Amino acid sequence: MLHKKLKDFPKNFFWGASTSAYQVEGAWDKDGKGPSVIDMAPVVPGTTDFKVTSDHYHHYKQDVALFAELGLKAYRFSIAWTRIFPHGTGEINPLGVAFYNNLINELKAHNIEPIVTIYHFDLPYALQQKGGWSNRDTVDAFAFYCETLFELYGDRVKYWLTINEQNMMILHGDAIGTKSTVAVENPEKDLYQQNHHMLLAQAKAMKSCHEILPHAKIGPAPNISAIYPASSKPEDVLAASNCSAIRNWLYLDMAVYGRYNNIAWSFLEERNATPDIAEGDMEIMASAKPDFIAFNYYSTMTVAASAGDASDRGSTGDQQIVVGEVGVFKGASNPNLSKNAFGWEIDPVGFRNTLRDIYERYALPLIITENGLGAFDKVEEDGSINDDYRIDFLQKHIDQIQLAITDGVDVFGFCPWSAIDLVSTHQGCSKRYGFIHVNRDEFDLKDLKRSKKKSFFWYNALIAKNGAK
Ligand code: BG6
């Protein structure tokens, strides 16, 4: 629809920004923190590790003051499970608890709404050693961790996100460093058993959140991309529907309706990869309800009909680069879109498509918890960083949110990635996303000084006008 008149952004719209604990905090082994799977994973050659990152752990006061100056209404961050429970469960770590108390208090003091991701890729290594998500005990450990967070911080935190990008951990765990390295007889079945356990853990978290904190709101946070067929050939359209069922709806259908969709389930049956479902699991999932859907959007995906052989898989992928499924769909590139420096297609209109698709299917309020442009920023001689490409990217995506709102989609917040520079999942810290620059290089920590990029001033002005032009 070509709207003649656009609707305004809602009055209390959460103009925010996002980070995750392991990518921004550093202090990976400080004050009693235990190791996570990320801390123990091999570092991608040529990129930095996650030991110091942006050292937000020691700079959080300064960073929150900058977020306030930026004008943020909300800040989405994750809690490192291993700061609270260094071994995943058991003894609580008071210094880790104190860090998030301080961070939340600092945000509240600056009138910034904390939006907390409970688990963002950094599973405690102690749990991984006992089988990680393949082991059903991890469900209970997660449920207990969640209850602990609700009790500790629920008096101040109203918005909770269960698991960041569970779909990417399942589909691209090798790229993002979360994949279990334990040898198993049927890796695909094991993977979807992990998936089932995470879905169950999420359902338990949603239920206990509602019991412990009746006024709080909680939702899932997958990575969702509208999937396009490579052509109007019916076989390509079918492939796109397959891909969407497996990549997107499997996760949200479970979160919202507590059911495996038929296409995803028959895909699992074909591969002898259906999870073992214990008595009572489906009842728990059907009775757990999210209050909203959070999702991360970077790009759309384009797929073609399967060739029925190994060529379907293509080369290595990541969160936004399709790996095909033999016999189901094959990745294709979209000739209508340009790509960023890391091969991710740029598709602002696809954002509107994605927002509409999700709202059509679930009719729940939506918040975007990630969207942004990874780029090699340049610091000029005078210290300025003129990231016009980032401004252009974000403005075009914000325009599409407004169009989606005008279409009738209920959107209550936008938290781009990232509030401040941090370390990418697998492409180092030279791939920057932040509004705030952190003075360090891939292997030289320098002074970690914070400075404002051009996008900082642009976003500040946009927030002040509530997105109006
Ligand atoms: C999402 C993750 O997949 O994309 C973030 O939730 C991540 O943790 C972001 O950083 C951008 O991806 P990358 O690989 O460039 O860091």
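Ala 27 counts as partly exposed because it has 18 C-beta neighbours inside 10 Å, where a residue is called buried if 20 or more other C-beta atoms, placed from the backbone, lie within 10 Å of its own, exposed if 12 or fewer, and partly exposed in between. This is a predicted model, in which local features need pLDDT of at least 70 and side-chain atom pairs count only at pLDDT 80 or more, while totals for chains, interfaces and linings use all residues. Residues are numbered from 1 along each chain as its sequence is written. Helices (H or I, at least four residues) and strands (E, at least two) are DSSP runs, numbered from the N terminus.

**Backbone exceptions**

- Most residues other than glycine have a negative phi, and most peptide bonds are trans.
- Ala 27, which is found in the loop between α1 (21-24) and α2 (37-40), has a positive phi of about 45 degrees although it is not a glycine.
- Phe 121 also has a positive phi, near 75 degrees, and it lies in the loop between β3 and α6; with 25 C-beta neighbours inside 10 Å, Phe 121 counts as buried.
- Trp 417 and Ser 418 are joined by a cis peptide bond with an omega of about 10 degrees, and Ser 418 has its place in the loop between β13 (411-414) and β14 (436-438).

**Strand β3 and its partners**

- Strands of a sheet pair through backbone hydrogen bonds, either parallel or antiparallel; here two strands are said to pair if DSSP finds at least two bridges between them.
- Strand β2 (residues 74-78) runs parallel to β3 and is joined to it by five bridges, with Ser 78 standing opposite Thr 117 in β3.
- Strand β4 (residues 159-164) also pairs with β3 in the parallel sense, over four bridges, and there Val 116 stands opposite Trp 160 in β4.
- β3 is mostly covered, since six of its seven residues are buried.

**The sheet β6-β8-β9**

- Three strands form an open sheet in the order β6-β8-β9, with mixed pairing, and its edge strands, β6 (227-229) and β9 (330-332), each pair on one side only.
- Strand β8 (residues 301-304) runs antiparallel to β9 and is joined to it by three bridges, and Val 303 stands opposite Gly 331 in β9.
- Helix α10 (residues 234-257) lies across β6, β8 and β9, running at about 165 degrees to β6, where axes are lines fitted to C-alpha atoms, for helices over the stretch in contact, and angles run from 0 to 180 degrees between N-to-C directions.

**Helix α7**

- The 17 residues of helix α7 (residues 137-153) should span 24 Å at 1.5 Å a residue, and the end C-alpha atoms are 24 Å apart, which agrees; the expected span is 1.5 Å times one less than the number of residues.
- Among the buried residues of α7 are Phe 142, Tyr 145 and Phe 150, and the buried residues of this helix pack against α4 (81-84), α5 (94-109), β3 (113-119), α6 (125-128) and α9 (187-212), with two residues in contact if their C-beta atoms, placed from the backbone, lie within 7 Å.

**Ala 273**

- Ala 273 is found in the loop between α11 (262-270) and α12 (281-287), and it is partly exposed because 17 other C-beta atoms lie within 10 Å.
- Leaving aside neighbours within four places in sequence, Ala 273 is in contact with Glu 188, Lys 189, Tyr 192 and Leu 268.
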